Amino acid sequence: MTELSTIERQQENKEILKQYRQLLRVIKPQLQKGDKQLIRQAFETAMEAHKEMRRKSGEPYIMHPLAVAQITADEIGLGPISVVCALLHDVVEDTELTLEDIQRDFGSNVAKIIDGLTKISGVFDLQTSAQAENFRKLLLTLTDDVRVILIKIADRTHNMRTMGSMPRHKQLKIASETAFLYAPLAHRLGLYAIKSELEDLSMKYTEAEVYKMIAKKLNETKRERSRYINEFIKPLKARLQDSGLKFDIVGRPKSIHSIWSKMKKKGVEFEEVYDLFAVRIIIDVLPEKEKSECWRVYSLVTDTYRPNPGRLRDWVSTPKANGYEALHITVMGPKGKWVEVQIRTERMDEIAEKGYAAHWKYKEDSADNMLDDWLTRIRELLQNPESSALDFVNDFKLNLFSDEIYVFTPKGQLRILPKGATSLDFAFDIHTDIGAKCIGAKVNHKLVPLSYKLRNGDQVEIITSRKQKPTEDWLNLVVTGKAKAKIKSSLKDEKRAIAEDGKEILKRKLKGLKAPWSETLVHEITSFYSYKTSLDLFYNIAQQKVDLSKLNNVKIVKDQIIDQKKNDEIVLEEKEESVEDSIRNKLQKNAELLIFDESADNIDHKFAPCCNPIPGDDVFGFITVNEGIKIHKTSCPNAVQLMSNYGYRIVKTKWTKQHGIAFLTEVKVSGLDDVGIMNKITTIISGELKLNMQSLSIDGKDGIFEGLIKVYVNNTEELDQLINKLKSVDGILSVNRL
């Protein structure tokens, strides 16, 4: 860059000083003792730190922080501390000044905000996942001190206004980020003017041709529109003056972005968009008369022009969650054109233009609490460790631009939810535990399902059950980020518990294959079965959705089995022979093993857990290497493999006639989920058959129940008797031994 001449440098300094004085004029009404000196100190610090720096346009860099401070004070309405932070917002990131220097010279409050601004600077990466993770970090600062985001929005607004000299790829990237995050955030924080400007400026770069076309047509119709607005306003002005109200009435065109959105949504050309402009009536009244006077103006407007009853929006009685208050009515104006009329007081207008910042002037305003509630909901979403960053972004974006509905608890407490929210969303909005246990709701005293979509003014009472728990389907029934996050978290907890069972099953299977457990082995098996994580693998094993018979096709398992077999073959053969000889010697030649006979007492034998045989079952004995003889049912799932591969180790086995020894067996029962079904089952087991029951668990869903009974029986005759008795009960559809 060529060296500036003395005259050029003097000219630049003159312009910088002019901007600084303009900033002081804007902030003057808010200045307290010592504020002016602090702002001057921040200005001089920024001047010195950025003195060698220039923007892409060639102007001195200090012009940027000055402009950001001006937007912060004038357009957002923040105070002196925020102006100081805006002036210093880039010094820690771009110059040699440190956060410690800022803390020493300006105090911990300023340092904390500067730290937040530095952390979220350049918050986006081109990769989606990194972008999403940074988005989460940005919102963490929002919940800490909302001024960080407000100053960042001011910074982004100035960058968007001065982006002409940047290369095309950077323009597209910054414009896309702005439309993706900053415009929705400005909307949610009530900064409607800035939100509209950011949307228009983003569109200017991302959809340049459409932007130019609409801007050109707006310009061409400007004179005609002005004439029409004057014609529309004239009779209204006369009525308002006659009423004795102090008022201001203006007409303004809709933003280019909102016109383009309407064209796309309705599939119409520019000429067919009927509400290209809105008329705003701003009245000057005492706070206690605001509501009644707004409705008085509404009455005057609808006396003059016929209203569209379906287009009334009452945000005076119940403000939006971001604090916006106004009455919106669409009326039929001259020449058959629809016109939107917005009715506000001066206080409401300031809140509409300056959003969250304006609430600091009206502390008693209930809308302030609504914003706090909204920030609390964000905090809850952020603190959910289970949700991925991308899930979080999607859930959060759902709630940024959504219209709202106003519903009530049974005691009349107001709750604000996004449009489309269900009774299940309402349950989670009240409390996480209530949401998790919700089985239905009463809306206006009528029973409705979890999926019922709430409407404005509904009174909702939630019905819960201790047995209820969230299911995967619930994610399709809710729209709020809070509900989605809590359901996902609950499902993951349950999935982990089930996955532990799957892990144990896999360990036992690998132990049987003589393949030693290791992280590498688990990773290979996970890839082999095409699962993303070991958690998914274990969970699906527990759900019996994984064919573990294919395990020895996994290369690492196959290699380990071959190695292990080579090492064990000789030793095992010798051991098997000696064990088999020992057992065979204890049995008489070709004799049967008589279970519960005295001759069997000196032979080590156990009942196989895979089939749990009981007296009366057809059984066989299998000589094992370490556990003597294992008694299996001939119908055991493992019987075919054992008999075909190890026929030489099979022992004929019979039961002797004996009494008094009870065996634990499991019976699965299913049927219609009717009142008293459990009582009928227990009466048969304990009352009629006098059997000892270890446990009974029943789970009902959609009118059908499934139960698992663990009961002690002496033999198959008792078991058959139990099964037949249960089958005869009304409502029981099937009874099977497991």
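Strand β9 (residues 438-443) and strand β11 are paired in the antiparallel sense over five bridges, where two strands are said to pair if DSSP finds at least two bridges between them, and where helices (H or I, at least four residues) and strands (E, at least two) are DSSP runs numbered from the N terminus. Within this pair, valine 443 stands opposite valine 460 in β11. The model is a predicted one, in which local features need pLDDT of at least 70 and side-chain atom pairs count only at pLDDT 80 or more, while totals for chains, interfaces and linings use all residues. Residues are numbered from 1 along each chain as its sequence is written, and side-chain values use heavy atoms, with hydrogens and water left out.

The two strands belong to an open sheet of three strands, in the order β10-β9-β11, with antiparallel pairing. Because β10 (446-448) and β11 (460-464) stand at the edges with a single partner strand each, one side of each is left without a neighbour in the sheet. From one strand to the next the twist averages 30 degrees, angles being taken from 0 to 180 degrees between N-to-C directions, with axes as lines fitted to C-alpha atoms, for helices over the stretch in contact. Helix α20 (residues 423-430) packs on this sheet and touches β9, β10 and β11, its direction making about 85 degrees with that of β11; contact here means heavy atoms within 4.5 Å.

A second open sheet is built from four strands in the order β18-β19-β17-β20, again with antiparallel pairing. Its edges are held by β18 (692-701) and β20 (732-737), each of which has a single partner strand, so one side of each is left without a neighbour in the sheet. The twist in this sheet averages 15 degrees from one strand to the next.

Strand β17 (residues 663-672) pairs with β20 in the antiparallel sense over five bridges, and 10 bridges join β17 to β19, these two also running antiparallel. Lysine 668 illustrates both pairings: this residue stands opposite asparagine 736 in β20, and its bridge partner in β19 is leucine 708.

Helix α28 (residues 716-727) lies across β17, β19 and β20, running at about 165 degrees to β20.

We turn next to a pair of helices. The axes of helix α1 (residues 6-27) and helix α2 (residues 35-49) come within 12 Å and cross at roughly 150 degrees. That angle makes α1 roughly antiparallel to α2, since angles under 35 degrees count as roughly parallel, over 145 as roughly antiparallel, 65 to 115 as roughly perpendicular and the rest as oblique. Ile16, Tyr20, Leu24 and Ile27 in α1 meet Lys36, Ile39, Arg40, Phe43 and Met47 in α2.

Finally, the structure holds 21 salt bridges, a salt bridge being a side-chain nitrogen of Lys or Arg within 4 Å of a carboxyl oxygen of Asp or Glu. In one of them, the side chains of arginine 347 and glutamate 290 meet at 2.8 Å, N to O. Arginine 347 lies in helix α16 (residues 346-354) and glutamate 290 in helix α15 (residues 290-304), so the pair ties together parts that are 57 residues apart in sequence.
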